[in-house]
Amino acid sequence: MDEPRFHTARLYYYAFNSPRSVIFCVFYSLFEQEIMSYVPAGGCSIAAASAGASPSPAASPAAARSTRAPAPQRRDFEAKLRAFYRKLESKGYGQGPGKLKLHIRREHLLEDAFRRIMSCGKKELQKGKLCVLWDGEEGLDYGGPSREFFFLLSRELFNPYYGLFEYSANDTYTVHVSPMSAFVDNHHEWFRFSGRVLGLALVHGYLLEAWFTRALYRALLRLPPALEDVDALDAQFAASLRWLQSARCVSSLELTFAVSERLADGRVLERELKPGGRELAVTERNKKEYLERVVRWRVERGVAEQTEWLVRGFHEVVDPRLVAAFDARELELVIAGAPELDVADWRNNTEYRGGYHDAHPVIIWFWQAIDRFTNEQRLRLVQFVTGTSSIPYEGFSALRGSTGPRRFCIERWGRVESLPRAHTCFNRLDLPPYPTPHLLHEKLLLAVEETNTFGIE
């Protein structure tokens with residue numbers, strides 16, 4: 001069964017999609033023989049213990065996504081975020097008067113989105129007021145349909161099985177541009193489309209169900225890659241570079257400003273890191289430059305052209321000067337939202353209507369059910385009510401609805417035989433007054449896991 005879809009008002013609980021087809025993916029590996037041969041035993045363990053080490057492959061997805069900053073840095077970021085959206089508003093981004101209408105068929109989500117977004121000019125992308133219309137559904141777009149559109153589109157577009165992106169070396173959670181994408185038909189335009197999608201989501205304040213390696217965020221900001229970006233591609237090779245960074249007597253290694261790489265067809269190519277690099281020996285004096293060039297080569301190898309088209313599409317929607325205030329980590333938080341659900345924060349920023357209150361038995365049972373839920377079930381509930389599994393960086397206090405900030409809301413509605421329903425434009429859950437905690441838990445799970453269309457009441 002497909003992931004549940006979300007709705008604006010009245011739900012049609014038992015409408016399902018047929019399973020999607022799975023498109024094949026291809027993997028291949030390259031090697032860095034010159035440097036790897038110099039790594040001493042235990043080098044990787046030392047690197048893993050260093051401050052800059054990335055999470056191990058065994059780390060949980062939640063741990064890998066945990067990027068909360070200390071309080072002073074968070075306050076600084078929140079100020080940047082407010083200033084960023086003030087600038088967008090002052091320059092008329094997403095304000096109209098014209099509309100950017102996206103008429104989308106659920107069965108042809110990628111094709112319809114690609115055709116419509118790629119047919120737009122730069123001005124329409126930047127200034128148009130977004131309006132998503134789901135084919136055959138009556139829901140009006142006061143925010144909910146657009147949120148769901150970006151949620152579903154990002155899950156499709158950045159799915160590694162389509163060949164444009166692949167999982168990082170550390171987990172099956174974060175993705176980066178795949179070198180094999182060069183064999184995808186019309187891949188330049190697909191990456192340009194991907195960049196436009198990132199830009200539109202950013203301009204209109206919608207979060208994406210996609211987490212990229214840090215190198216891609218640096219590319220969007222036109223920042224050079226860093227050593228830690230290599231961890232996502234090859235943790236062992238990154239460890240060898242860290243060892244080389246601290247090693248002495250580099251001259252004895254007889255390295256030059258050239259590297260060998262194996263191409264997809266099996267040929268081995270020697271590539272110079274700078275003109276004349278084959279004849280230029282690495283010494284203590286130029287080691288820093290050598291490491292910078294090796295890092296850039298390893299991060300960009302096989303994907304530089306594709307990444308450039310993605311960045312180009314992004315900048316067709318968002319002026320690069322506007323996002324320059326963020327660093328790569330901050331841009332990740334703006335695009336993907338906070339990584340973990342904080343139940344205490346969720347409860348503290350929930351309001352009640354229709355006679356419910358924090359001490360009402362049904363509300364007590366609701367939060368008891370949330371405590372029993374797995375993290376995935378909690379994310380599904382947030383998707384059910386808001387249209388996306390992500391929440392803003394600031395937490396539940398910064399949730400937005402169709403007319404601005406709007407907190408998570410639970411309203412008393414319906415009879416005990418009814419299923420809960422949700423209004424994604426207003427972040428509101430309509431919860432019947434169930435007589436027992438068991439019935440509430442059962443009905444809540446059924447509604448969350450088996451609902452998938454928009455309706456209007």
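**Contacts, salt bridges and a listed active site**

Take the contacts in this protein between residues at least 6 apart in sequence: 74% of them join residues at least 24 apart. The structure in question is a predicted model, and the chain in it runs through 19 helices and 12 strands. Of its 457 residues, 53% count as buried.

Next come the charged side chains. Side chains of opposite charge can pair when their charged atoms come close. In this model, there are 29 salt bridges. One of them links R192 and E316, whose closest N and O atoms sit 3.1 Å apart. R192 belongs to helix 8 (residues 187-204) and E316 to helix 13 (residues 304-317), so this pair ties together parts that are 124 residues apart in sequence. How exposed is E316 itself? Its relative accessibility is 15%, and E316 counts as buried because the cut-off for that label is under 20%.

A second example stays within a single helix. R296 and E300 meet through their side chains in a salt bridge, with 2.8 Å from N to O. Both residues are in helix 12 (residues 287-300), and since they are 4 residues apart, about one helical turn separates them. As for how open they are, R296 has a relative accessibility of 38% and counts as partly exposed, while E300, at 30%, is partly exposed too.

Another salt bridge joins E351 to R353, and here the closest N and O atoms are 3.4 Å apart. E351 is partly exposed at 24% relative accessibility, and R353, at 33%, also counts as partly exposed.

Finally, there's a residue picked out by a database record. Which residue does UniProt list for "active site"? The entry, which is unreviewed, gives C425. As for where to find C425 in the model, look at the loop between strand 11 (421-423) and strand 12 (428-431). Is C425 buried or exposed there? With a relative accessible area of 0%, C425 is buried. So the cysteine named in the record sits in a loop and falls under the 20% cut-off for buried residues.

Key:
Residues numbered from 1 in each chain as written. Predicted model: local features only at pLDDT ≥ 70, side-chain atom pairs only at ≥ 80, totals over all residues. Heavy atoms only, no water. Salt bridge = Lys/Arg side-chain N within 4 Å of Asp/Glu carboxyl O. Helix = DSSP H or I, 4+ residues; strand = E, 2+ residues; numbered from the N terminus. Buried < 20%, exposed > 50% of the residue type's maximum accessible area, 1.4 Å probe, protein only. UniProt positions renumbered as here; feature names shortened; annotations may be inferred. Contact = heavy atoms within 4.5 Å.
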